[in-house]
Amino acid sequence: MALRNLTRRRTRTALTILGVAVAITFTVGLLSITEGFMNGFNMSAKERKEDIYVLPKGARGLGSPLLVSSGAEFSEQRVQDIGDVLNVKAVYPFYTRQIYFGDGTGSVMEGFFVLDGVTPDFLVDLRPSLEVEAGRLLEQGDYLDDQLNVVVGAEIARSVKLQVGQTLPLEVGGLVPTVIGILKSTGGLDDYIVYAPLQDVQQALDREGWVTGAAVTVTDPTTTEETADAISNLGSEEFYCQTSEQIAGVVKNLISMARAIHLSVASIALLIGVLFVLSTMLMAVSERTKEIGTMRALGVHRITIFRLIVTESLITGVLAGGIGCLGGVGLSKLITWAIHKFASAAFLQAVVSPRLLGFGLLIAVLIGILAGLYPAWRITKTNIVEALRYE
């Protein structure tokens with residue numbers, strides 16, 4: 001009966017469903033930004049084996065040191081001193097720089113990527129889960145004077161359509177990066193990083209003897225914070241330390257703040273959706289006052305009428321939720337394309353997870369229920385005689 005009532009006024013029902021669907025699409029699309037970044041960060045964090053990051057003073061307050069370059073540096077000579085600190089197992093210096101690539105045409109193929117100069121044992125020891133789709137990883141013999149050998153992440157290779165032996169469409173300090181390996185997709189941030197020999201990156205950028213950070217592993221993980229404090233005290237004027245847990249906490253706090261902002265903005269659309277359904281249901285039951293009065297005169301109980309109206313509103317919410325979730329998936333893909341096109345942030349992906357789809361559908365169901373309660377309560381309180389006389 002509820003379905004029959006909805007199909008009696010198809011245009012009004014369709015517009016109501018469309019209004020709620022747009023609100024759900026907007027909500028799911030916005031939340032997919034933080035959802036995607038959180039998924040990528042969590043996946044990458046699980047694969048990383050470093051316990052401590054040693055960063056130059058000027059890098060304080062940044063997120064992942066292997067993704068963000070502040071321009072700050074400290075002397076590579078201090079790496080040996082860091083290695084002598086009690087409980088330090090190994091030290092892996094790196095040099096990070098964001099590099100622009102493209103042909104200047106404004107195509108999707110251009111933007112910025114992260115270039116990480118690392119030692120060969122960095123990938124072997126700290127990224128053991130990384131596997132090559134084609135080619136090989138970095139080796140000691142890759143330090144060359146006239147060529148910059150690089151291992152590229154899966155998404156970089158896909159977006160620029162690279163194969164082993166080809167070159168990236170750019171120069172780094174006069175050197176053209178040549179692809180010697182393409183990594184398998186991890187679904188994380190490593191898909192958007194280009195790894196190159198540390199010595200070659202330093203030479204190409206004319207920064208020999210300088211690093212933008214160092215990754216440290218410890219012998220006893222239970223004393224990681226104490227070890228980090230000892231390293232910080234060692235070079236208090238040049239660098240400071242952050243544990244992997246501290247960096248993860250900073251990034252997650254930033255993502256949580258962004259999610260709260262997105263949800264606040266989306267709440268406006270959801271409120272409009274509730275009011276839209278509420279006004280439609282009020283109009284619908286008002287037009288059917290005489291009909292419902294007749295049903296009551298024939299002996300239909302108030303609770304049955306109440307359930308009928310709420311069911312109609314609920315069906316509207318469920319249909320709108322399904323359409324809105326599909327729209328949210330499409331919007332997330334559009335957002336991802338826009339981020340890559342206009343912000344050149346290749347590591348950001350908007351992802352609609354099953355949890356987010358469930359959330360969108362739940363919100364639509366709640367909209368349907370809440371928007372139907374007042375009209376249902378109001379019509380059941382109407383006097384039967386007055387309802388029969390209603391024109």
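At 56% relative accessibility, Asp206 counts as exposed. This residue of the predicted model lies in the loop between helix 6 (198–204) and strand 9 (210–211). Asp206 is not a glycine, yet its phi is positive, near 60°.

A positive phi also occurs at Asn87, likewise a residue other than glycine, with a value of about 80°. Asn87 is located in the loop that runs between helix 3 (78–83) and strand 3 (88–101). Its relative accessibility is 15%, so Asn87 counts as buried, because the cut-off for a buried residue is under 20%. Asp206, by contrast, is exposed, because its 56% lies above the cut-off of over 50%.

Strand 6 comprises residues 148–152 and is mostly covered, with five of its five residues buried. In a regular strand the side chains alternate between the two faces of the sheet. On one side of strand 6 are Leu148, Val150 and Val152, and on the other are Asn149 and Val151; both faces are covered, and these residues are all buried.

Strand 6 pairs with strand 7 (residues 177–183) in the parallel sense, over five bridges. Within strand 7, Ile182 stands opposite Val152. Tyr195 of strand 8 is the bridge partner of Val151.

## Helix 11

Helix 11 (residues 354–380) has 27 residues. From its first C-alpha to its last the helix reaches 38 Å, close to the 39 Å expected at 1.5 Å a residue. A bend of about 30° is found at Leu373, and a proline, Pro375, follows within four residues.

An α-helix has 3.6 residues a turn, so residues three or four places apart point the same way. The buried residues of helix 11 include Leu356, Gly360, Ile363, Ala364, Ile367, Gly368 and Ala371. Further along the helix, Gly372, Pro375, Ala376, Ile379 and Thr380 are buried as well.

## The largest nonpolar core

Which residues have the most contacts inside the largest nonpolar core? They are Val20, Ile24, Leu270, Val277, Ile309, Ile367 and Ile379, in a core of 28 residues. The elements that contribute two or more residues to this core are helix 2 (10–47), helix 8 (244–287), helix 9 (289–297), helix 10 (302–343) and helix 11. Ile367 and Ile379 are also among the buried residues of helix 11.

## Cysteines and strand 11

How many disulfides does the structure hold? The count is zero. A disulfide is a covalent bond between the sulfur atoms of two cysteines. With a relative accessible area of 11%, Cys241 is buried. Cys325 is buried too, its relative accessible area being 8%.

Gln242 is placed in strand 11 (residues 239–243). Is Gln242 buried or exposed? At 13% relative accessibility, Gln242 counts as buried. Gln242 and Thr224 are 18 residues apart along the chain, and their C-alpha atoms are separated by 9.9 Å.

Key
Residues are numbered from 1 along each chain as its sequence is written. This is a predicted model: local features need pLDDT of at least 70, side-chain atom pairs count only at pLDDT 80 or more; totals for chains, interfaces and linings use all residues. Side-chain values use heavy atoms; hydrogens and water are left out. Buried means under 20% relative accessible area, exposed over 50%, partly exposed in between (1.4 Å probe, protein chains only). Two strands pair if DSSP finds at least two bridges between them. The expected span of a helix is 1.5 Å times one less than its number of residues. The bend at a residue is the angle between axes fitted to the seven residues ending there and the seven starting there. A nonpolar core is a set of buried Ala, Val, Leu, Ile, Met, Phe, Trp, Tyr and Cys residues joined through side-chain atoms within 4.5 Å. A disulfide is a pair of cysteine sulfur atoms within 2.5 Å.
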